[in-house]
Amino acid sequence: MEPFDTEPAGLLIHKDFISPAQEAALIQLFQTELTWPERKGRRSLHYGYTFSYRTFAVDLDVPYAPFPGWLTALLPSDEAGGPRRPPDQVCVQHYPPGTGIPPHADTHGAFDDRLYALSLGAPVVMQFGRAGGRRVDVDVAPRSMMLMRGDARLHWTHGIRARKTDTLGEVRRPRGDRWSITYRWLRAGGECECGDEALCDTAQRRAGVERAYRWKEQLQAGGAAAPKEEP
């Protein structure tokens, strides 16, 4: 894997992790063989442990879902190219044109310091942000496997703005259908030692700060109930 030539540190990319033919076969499988939730916007399917959009950890009340064969073939190796322990949680997501995902950092206490994501379909610009208002746009190409570790994983948020086009310099690029496969590993002991009280649930708990959840804010404001599927 190669580092991006920009911040954040710890952001690496393996370009053309799969071939165009493999990508086309996977997209056809996604479109014709998988059963997606009937909802508008971004849709998700979970393998291994189910990701909980209420706690942003895994939902241990949902039975473990074994990885299908097509997914097993796509599991990432470690940075040195050797095999690594299979992930505990994999999330497959479909982003129709115009959809995004709010800025976030995957829960520190629940998941370890490495996060992999494979992109399929259309390219997209992802935003990384850090305290103090620092923002970096990263153009994510199809068929690329991205690794977030260290600084990028723990001290920056990442997200995708909901919009129909991305602007690259003076070029406006229309969005298309995009799919992503995110790989997560559970953190042994469930405690993160990074100390970042802005983003780390462990540091917040130790400081006596209640973690902020959008669904709690909505409830307090008299809005929607806690999410069952998506944030």
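**Aromatic contacts**

Arginine 184 lies over the face of phenylalanine 111, 5.5 Å from the ring centre. Likewise, the charged end of arginine 178 sits over the ring of tyrosine 95, at 5.2 Å from its centre. Here a charge sits over a ring if NZ of Lys or CZ of Arg is within 6 Å of the ring centre and within 35 degrees of the ring normal.

This is a predicted model: local features need pLDDT of at least 70, side-chain atom pairs count only at pLDDT 80 or more, and totals for chains, interfaces and linings use all residues. Residues are numbered from 1 along each chain as its sequence is written, and side-chain values use heavy atoms, with hydrogens and water left out.

I turn to the ring pairs. The structure holds nine aromatic pairs (rings of Phe, Tyr and Trp, the last by its six-membered ring, with centres within 6.5 Å; planes under 30 degrees apart are stacked, over 60 edge-to-face, the rest tilted). Phenylalanine 30 and tryptophan 70 have ring centres 5.5 Å apart and planes at 70 degrees, so this pair is edge-to-face. Phenylalanine 30 is buried, at 1% relative accessible area, and tryptophan 70 is buried at 17% (buried means under 20%, exposed over 50%, partly exposed in between, with a 1.4 Å probe and protein chains only). Phe30 and Trp70 also belong to one aromatic cluster with Tyr47 and Trp179.

In another pair, the rings of tyrosine 64 and phenylalanine 67 have centres 6.5 Å apart and planes at 50 degrees, and are therefore tilted. Tyrosine 64 is partly exposed, at 40%, whereas phenylalanine 67 counts as buried at 18%.
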